[in-house]
Amino acid sequence: MRYVVDQDMHIHSFGSMCSKAPEQTPERILQYAVEEGFSTVALTDHFWDETVPMPRGGWGPDFYTSQNWEHIRQQLPLPAHDGIRFLFGAEVDMTLDGTVGISPERLAQMDICLISISHFHCTDFTISAADAATAEGKARVLLDKLEQLLAKPLPWHKIGLAHLVGQKVSGGDPDFHGEVIRLLMGERLTALFQKAAALGVGIELNTATFSFGNEAEREAVTAFYAHAKACGCKFYFGSDAHAPFQSEHHRERAQAMADALELTEQDIFRV
């Protein structure tokens with residue numbers, strides 16, 4: 001049966017330093033879910049667990065020092081509404097040396113955790129400046145980090161891989177974006193997608209990135225996720241919203257991608 005979008009699993013509140021929208025409260029997020037008739041939404045503010053040593057480099061320490069547990073837990077308890085699951089989680093980074101910024105203890109206290117390996121605008125923290133300068137370097141690092149991540153002993157039933165090929169990979173250049181994705185495609189990616197499917201991790205379809213600069217970029221992104229589907233991966237949708245917005249930006253783009261990939265209910269990742 002055709003999948004009709006009923007979720008938004010990647011939402012930031014004003015608690016994320018990059019939000020700058022005091023009106024983006026948990027209550028406003030729940031109101032959005034009610035208005036859209038969603039069954040599930042998730043609060044996923046940026047987070048670095050202070051018990052995990054943070055590599056010194058790039059902007060990471062300046063950004064994440066204040067994004068600790070005491071900071072993000074101030075949003076609890078989340079408001080409730082009949083028929084809606086409101087999940088508490090976080091978005092964490094994987095650095096260029098393979099460190100993931102969350103401990104098992106904190107993971108156990110969350111409903112969901114989104115891990116980003118593709119924040120390639122964060123040079124010298126998530127990727128070296130040299131690798132960030134070329135499509136070949138970005139594609140190689142993305143595959144290396146995905147392989148490292150999938151080898152970690154994580155509770156995969158509540159882990160999502162945030163915006164694997166979002167526009168943060170390319171800096172917004174649609175031609176460069178398509179080139180990076182074409183370099184990813186191959187036997188190694190197939191093996192990694194097959195492992196992701198076996199682990200049961202969720203692959204994010206990030207609707208903030210589905211505003212394409214040209215048709216070639218749309219085709220490249222769609223082909224990437226179609227390959228993940230062919231390998232048995234499960235998907236979830238996330239707007240990556242940092243402020244209240246007209247929700248059709250999420251729903252329309254999400255439904256368009258769901259239809260392009262011919263997703264059914266069986267293809268959807270459920271925490």
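Let's begin with a pair of helices: the crossing of α6 and α8 is left-handed. Before I go further, please keep in mind that this is a predicted model.

So, where are these two helices? Helix α6 covers residues 135-150 and helix α8 covers residues 187-199; their axes come within 10 Å and cross at roughly 30 degrees. Anything under 35 degrees counts as roughly parallel, and therefore α6 and α8 are roughly parallel to each other. If you want to see who touches whom, look at R140, L143, D144, L146, E147 and L150 on the α6 side. They meet R188, L189, L192, K195, A196 and L199 in α8.

Helix α9, residues 215-230, packs against α8 at an angle of about 50 degrees, with the axes 8 Å apart. That makes α8 and α9 oblique to each other. And the hand? α8 passes α9 in a right-handed crossing. On the α8 side we have L189, T190 and F193, and they meet F224, H227 and A228 in α9. You'll have noticed L189 again: it is among the α8 residues that meet α6, and it is also among those that meet α9.

Okay, on to the sheet. How many strands form it, and in what order? There are 7 strands in an open sheet, running β1-β2-β3-β4-β5-β6-β7, and the pairing is parallel. At the edges sit β1 and β7, the latter being residues 234-238, and each of these pairs on one side only. On average, neighbouring strands in this sheet are turned by 30 degrees against each other, if you ignore direction. A bit of background here: strands of a sheet pair through backbone hydrogen bonds, either parallel or antiparallel.

Let's zoom in on the β1 end. Is strand β1 buried or exposed? Residues 7-11 make up β1, and 5 of the 5 are buried, so this strand is largely enclosed by the rest of the structure. Its partner is strand β2, residues 40-46, and the two pair in the parallel sense over 3 bridges. One example to click on: Q7 has T40 in β2 as its bridge partner. To get from β1 to β2, the chain goes through helix α1, residues 26-36, and this β-α-β crossover is right-handed.

V41, for instance, stands opposite F86 in β3.

Further across the sheet, strand β5, residues 159-162, and strand β6, residues 202-206, run parallel and are joined by 2 bridges. If you want a spot to look at, G160 has G202 in β6 as its bridge partner.

Number one is Q75, which lies in the loop between α3 (69-72) and β3. Buried means under 20% relative accessible area; Q75 comes out at 11%, so it counts as buried. What does Q75 contact, once we set aside its neighbours within four places in sequence? Those contacts are S13, F14, G15, P26, L43 and D45.

Next up is S116, in strand β4, residues 112-116. With 0% relative accessibility, S116 counts as buried. Leaving out residues up to four places away in sequence, S116 touches E91, V92, D93, M94, A162 and H163. Also, S116 and V100 are 16 residues apart in sequence, and 9.0 Å apart in space, C-alpha to C-alpha.

And finally Q255, which has its place in helix α10, residues 248-260. Its relative accessibility is 13%, so Q255 counts as buried too. Which residues does Q255 touch, not counting residues up to four places away in sequence? They are R2, Y3, V4 and V5. Take V5: Q255 and V5 are 250 residues apart in sequence, yet 6.0 Å apart in space, C-alpha to C-alpha.

Note on methods
Residues are numbered from 1 along each chain as its sequence is written. This is a predicted model: local features need pLDDT of at least 70, side-chain atom pairs count only at pLDDT 80 or more; totals for chains, interfaces and linings use all residues. Side-chain values use heavy atoms; hydrogens and water are left out. Buried means under 20% relative accessible area, exposed over 50%, partly exposed in between (1.4 Å probe, protein chains only). Helices (H or I, at least four residues) and strands (E, at least two) are DSSP runs, numbered from the N terminus. Two strands pair if DSSP finds at least two bridges between them. A crossover is right-handed if, with the strands pointing away from the viewer, the path from the first strand over the helix to the second runs clockwise. Axes are lines fitted to C-alpha atoms, for helices over the stretch in contact, and angles run from 0 to 180 degrees between N-to-C directions. Angles under 35 degrees count as roughly parallel, over 145 as roughly antiparallel, 65 to 115 as roughly perpendicular and the rest as oblique. A crossing is left-handed if the near helix is turned anticlockwise from the far one by less than a right angle, and right-handed if clockwise. Contact means heavy atoms within 4.5 Å.
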